[in-house]
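Morning, everyone. Please look at the model on the screen while I talk.

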Amino acid sequence: MTEQTPLCDIGFIGLGVMGKNIALNLADNGYKIAAFDLDHQKVDEIIAQDKIERKEQDPRIVACSSYTELLSKLTAPHLIILSVPAGAPVDDVCHKLIDAGICADDIIVDTGNSLWTDTIEREKQYHGKFIFFTTAVSGGEVGARFGPSLMPSGDPYAWARIEPIWHAISAKVCPETGKALERTSIDQPLPQGEPCATYIGPAGSGHYVKMVHNGIEYADMQLICEAYHVMRESLSMTPKQIASVFKTWNKGVLNSYLMEISAEVLEQDDPETGKPLVDIILDKAGQKGTGLWTAVSALEVGSPAATIAQSVFARSLSTLKHARIRAAKLLEGPEPQVVSEEQRLQSIEQLHDALYCSKIVAYAQGFQLIKLAARQQKWPLDFGGIAKIWRAGCIIRAAFLQKITDAYDRDDELGNLLLDSYFSGEVAKYQHNWRQAIASATLNGIPCGGFSSALAYYDSYRTETLPANLLQGQRDYFGAHTFERIDQPAGKKFHVKWSEPGRPLVKID
Ligand code: 6PG
């Protein structure tokens with residue numbers, strides 16, 4: 001009797017950049033994988049890579065040529081992980097697995113950047129056919145391979161099955177310091193520490209949190225780019241000089257993955273021309289959509305995530321390249337002033353503080369948005385837990401996230417990060433330079449919409465009386481939209497009959 005080949009622990013469908021690396025990470029952690037992709041070459045590639053990496057071990061990944069074959073090679077109840085593009089591809093695969101005979105107690109995990117509202121619908125749509133669970137993954141290619149940040153949500157039954165697996169493959173931090181326990185090559189041992197994977201909440205909440213992670217990522221990236229732009233255009237620094245500044249900043253409160261890679265991009269020369277690579281890269285930003293979704297949700301939820309929205313608009317504006325070339329010849333603006341070495345050093349310090357304060361505001365806006373959305377969706381979220389799993393593995397990973405974790409440890413009902421004693425103290429300390437940096441960039445004609453929107457948010461949030469009183473008067477004048485009074489109970493509405501003699505004030509019952 002031929003020996004039955006041992007069944008696999010996990011089915012894996014979708015072997016693109018993220019999928020292939022998650023599957024290999026699972027294999028590194030001792031899970032046997034049945035792998036399938038519509039592009040059979042991708043299956044061949046991961047089998048070949050496993051053969052190289054597993055050395056003397058038995059095959060860790062088994063090739064499948066169909067959904068039926070994949071199911072036949074899995075222990076029951078089946079656990080299948082999807083890494084396919086958001087949208088229709090997720091449903092295409094789910095329907096194919098239903099046709100292939102998936103069972104009601106089987107679990108499918110969508111690990112793509114799916115829209116959170118789609119996830120809520122899918123959990124309902126597939127209920128009874130199989131358990132639809134999701135996990136949003138952050139960390140890009142290297143993170144997927146050696147330790148991503150994982151944001152699972154959905155059926156707690158599925159989470160109980162998946163929890164040990166996600167804890168094994170996720171990024172790890174030192175429980176004492178909160179610092180990342182990096183693993184960047186297969187020759188390094190699997191780090192043992194606190195996993196950057198925690199159950200977020202009901203279906204949709206994990207993808208929502210990941211979406212906001214990406215919104216914060218957009219803002220973080222835009223703010224770093226604005227600091228670069230001022231140093232390049234106003235301070236006449238070279239990319240390598242700016243890289244050196246970023247490397248110095250990366251040793252302090254601005255330590256982050258994005259700061260680190262920005263320095264590396266600025267240090268890179270173009271192999272074709274020998275010029276700084278950044279000067280050869282076309283200044284038109286792409287976007288796959290998660291930042292846009294975050295901005296749209298902020299508008300719908302009524303959360304003032306202006307810096308996140310501004311970072312999406314900055315990408316849109318960058319795509320208007322031809323228009324900007326024409327406009328550059330037509331639209332007047334100031335020439336950047338020549339600065340002395342002392343002024344340059346002072347400006348660099350001001351930019352550091354502007355970037356730091358703006359980053360605090362961007363994260364405050366992101367967590368405020370998650371809080372408002374969670375209230376509307378009735379998701380019982382753990383904000384400290386979310387900050388914890390962003391300390392390593394994800395794209396916005398930074399020492400800074402430990403400070404956010406600490407803030408929520410001090411007060412898990414914190415209304416806004418800016419109100420935490422540490423962060424309010426930091427902004428108080430650095431805001432003068434923040435304002436100076438914006439003023440200087442503005443006077444030199446360098447756009448800094450991220451810095452400015454963050455400052456406007458900060459100044460608005462700390463202002464007891466905003467000019468919305470005049471705005472309500474405007475609305476009442478032209479539209480009889482009524483207004484409330486500061487000397488009357490909330491909810492009482494009033495209107496002035498602007499077009500009548502004497503403009504009588506009337507109370508609206
Ligand atoms: C991550 C990244 C990733 C992101 C892509 C595309 O957390 O690993 O955020 O999910 O979506 O890198 O990002 P863009 O929206 O900038 O195209």
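The shell around the ligand takes at least three residues from domain 1 (10-203) and at least three from domain 2 (207-461). Those bounds come from an automatic or database domain assignment. A word on the source: this is a predicted model, where local features need pLDDT of at least 70, side-chain atom pairs count only at pLDDT 80 or more, and totals for chains, interfaces and linings use all residues. Residues are numbered from 1 along each chain as its sequence is written, and side-chain values use heavy atoms, with hydrogens and water left out.

Back to the shell. There are 15 residues around the ligand, and Ser138, Lys210, Glu217, Tyr218 and Arg315 come nearest. Here, near means that a heavy atom of the residue lies within 4 Å of the molecule or strand in question. By class, the shell has two nonpolar, nine polar and four charged residues. For those classes, Ala, Val, Leu, Ile, Met, Phe, Trp, Tyr, Cys and Pro count as nonpolar, Asp, Glu, Lys and Arg as charged, and the others, Gly among them, as polar.

For Gly140, a backbone N or O atom is 3.1 Å from an oxygen atom of the ligand. Arg315 uses its side chain: an N or O atom there is 2.8 Å from a ligand oxygen atom. How much of the ligand's area does the protein cover? On its own the ligand has 420 Å² of accessible area, and the protein covers 79% of that. Accessible areas come from the Shrake-Rupley method with a 1.4 Å probe; for residues, only the protein chains shown count as cover.

Next, helix 8. Helix 8 (residues 205-234) gives the most to the ligand shell, with five residues. Helices (H or I, at least four residues) and strands (E, at least two) are DSSP runs, numbered from the N terminus. How well does the span of helix 8 agree with its residue count? At 1.5 Å a residue, its 30 residues should span 44 Å, and the end C-alpha atoms are 43 Å apart, so the two agree. The expected span is 1.5 Å times one less than the number of residues. Helix 8 is also mostly covered, with 26 of its 30 residues buried. Buried means under 20% relative accessible area, exposed over 50%, and partly exposed in between (1.4 Å probe, protein chains only).

Now the backbone. Most residues other than glycine have a negative phi, and most peptide bonds are trans. Ser236 sits in the loop between helix 8 and helix 9 (239-249). It counts as exposed because its relative accessibility is 59%. Lys55 also has a positive phi, near 55 degrees. Lys55 is in the loop between helix 2 (40-53) and strand 3 (61-63). Then there is a cis peptide bond between Ala76 and Pro77, with omega about -10 degrees. Pro77 belongs to the loop between helix 3 (67-72) and strand 4 (79-82).

A few side chains next. Ser311 is in helix 13 (residues 306-318). Is Ser311 buried or exposed? Buried, because its relative accessibility is 1%. A polar atom of the Ser311 side chain lies 2.5 Å from the backbone oxygen of Ile308.

Asp420 lies in the loop between helix 17 (400-410) and helix 18 (421-443). At 4% relative accessible area, Asp420 is buried. Its side chain makes a polar contact with the side chain of Arg410, at 2.9 Å. A polar contact is a pair of N or O atoms within 3.5 Å; within protein, one must be able to donate a hydrogen and the other to accept it, and residues adjacent in sequence count only if both atoms are side-chain atoms.

Arg462 is in the loop between helix 19 (449-461) and helix 20 (468-479). Arg462 is exposed, at 52% relative accessible area. The Arg462 side chain makes a polar contact with the side chain of Asp459, at 2.8 Å. Leu418 is 44 residues away from Arg462 along the chain, yet their C-alpha atoms are separated by 9.7 Å.

Last, the overall layout. The assignment for the protein chain gives domain 1 (10-203), domain 2 (207-461) and domain 3 (468-508). The C-alpha centres of domain 1 and domain 3 lie 57 Å apart.
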